[in-house]
Amino acid sequence: MKTYKIAVIPGDGIGPEVIDAGIKVLEKAAELDGTFQFDFTHFPWGCEYYLKHGKMMDEDGIERLKPFDAIYLGAVGFPGVPDHISLWDLLLRIRKEFDQYVNIRPIQLLNGAPSPIIGGSKETVDMLFIRENSEGEYAGAGDWLFRGKPEEVVLQTAVFSRKGTERIIRYAFETARKLGKSVTSISKANALNYSMVFWDEVFAQMSEEYPDVKTHSYLVDAAAMLMIKDPARFEVVVTSNLFGDILTDLGAALAGGMGLAAGANINPERNYPSMFEPVHGSAPDIAGKGIANPLAAVWSASQMLDFFGYDHLGKKLLSAIETLLEEKAVLTPDLGGNASTTDVGRRITEILDNMEDV
Ligand code: NAD
Ligand code: IPM
Ligand code: MN
């Protein structure tokens, strides 16, 4: 039987809580399919590990992760460790070292999910964000000069390479073509007179190679407004690292909240493992209470199944989430219920058990 080796990094705060539920759902999906199994290996890395060992992950951590088929991550970051250390030494390090340059974040308002969009539906709030995930504003280039002095200067330089920009925009066009959808580029060339002028130029060049794909282009400020006023105009969306980070939290709010926002960090060439993780963080305000919504983690698990080629199973997971949302009987407090994280995980596996033709 085919075995998929999964590295599990539950991480901090609600990370371990939602990942536990996600693993049970993945195991159920494999059991129902019957042709493959998962072999999960847990890594204890995160902020607690840092406080004990002075590092976010082991020195050979990246080498040890390499042989896995995928990584399943909860969340990283917790009060007590500066965020720029915890994130740069673990989550961002993995994204960069494994060249996971595509961050895929679906924003779809599933049936039964709450939304501030009046009359919003599964058809009208249905965006697929393709966020550049390896460079841009997250290049980590900069300096901090004359620290603490009156002449103090900090530099944070965004880096947009032709290779990096072309590959993410091409990925978006390929995805849009496959889905028969339009592609929207979000940038900011009126103010960012080098990086975003370049981005727009690459987008225009690339669009000539895909004459069959309809395109739109918006400035990021207008795009934020339009995502709320007229979300239906966004289908496949491609944008830079930072804009994608911000707009996908906005998107999460449109489609049921952070507890439903899923993401996949993909290395399309499959030279390295890809990483699946909810968009949300460690939620220190509710950590340890057992009430975190695990559905984002479950949706990310469904992206993992898609990635391994089991699209039918990925779809089943989404439809199980939808059934649970429509039943409204077993929901965590963020969705207006009083169920626990484990209750929701258990209900999803029950729904899967009772579903036909898995
Ligand atoms: P957050 O996403 O952790 O929380 C924002 C709000 O959403 C909180 O009120 C939280 O309770 C709620 N929320 C988030 N996920 C939820 C869930 N599954 N169920 C119910 N409610 C949920 O963002 P933050 O508070 O800005 O960040 C907290 C920490 O997490 C910081 O250290 C930050 O750097 C880190 N962070 C990590 C990741 C990641 O690992 N991918 C992502 C974002 C933030
Ligand atoms: C996300 C997170 C990360 C990001 C942080 C924690 C570095 O907000 O995955 O959206 O900005 O990419
Ligand atoms: Mn974010």
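Student: How much area is buried between domain 1 and domain 2?
Tutor: About 1,300 Å². Carbon and sulfur atoms give 51% of that. Keep in mind that this is a predicted model.

Student: Which residues of domain 1 lose the most area to domain 2?
Tutor: Tyr101, Asn103 and Arg105. Together they make up 40% of what the domain 1 side buries.

Student: Where are the domains in the chain?
Tutor: Domain 1 comes in two pieces, 1-105 and 256-358. Domain 2 covers 115-241.

Student: New topic, ligand 1. How many residues surround it?
Tutor: 22 residues. The closest are Val76, Asp83, Gly281, Ala283 and Asp285.

Student: What does Asp83 do with the ligand's oxygen?
Tutor: An N or O atom in the Asp83 side chain sits 2.7 Å from an oxygen atom of ligand 1. With Val76, a polar backbone atom is 2.8 Å from a ligand oxygen. For Gly281, a backbone N or O atom lies 2.8 Å from an oxygen of the ligand.

Student: And how much of ligand 1 does the protein bury?
Tutor: 70% of the 810 Å² that ligand 1 exposes when taken alone.

Student: Which helix gives the largest share of the shell?
Tutor: Helix H4, residues 83-97, with 3 residues.

Student: What kinds of residues make up that shell?
Tutor: 12 are nonpolar, 6 are polar and 4 are charged.

Methods:
Residues numbered from 1 in each chain as written. Chains lettered and ligands numbered in written order. Predicted model: local features only at pLDDT ≥ 70, side-chain atom pairs only at ≥ 80, totals over all residues. Heavy atoms only, no water. Near = heavy atom within 4 Å. Polar contact = N/O pair within 3.5 Å; in protein donor to acceptor, adjacent residues only side chain to side chain. Areas by Shrake-Rupley, 256 points an atom, 1.4 Å probe, with all protein chains shown as cover. Helix = DSSP H or I, 4+ residues; strand = E, 2+ residues; numbered from the N terminus. Nonpolar A, V, L, I, M, F, W, Y, C, P; charged D, E, K, R; others polar. Domains from an automatic or database assignment. Buried area = accessible area lost by both parts, 1.4 Å probe.
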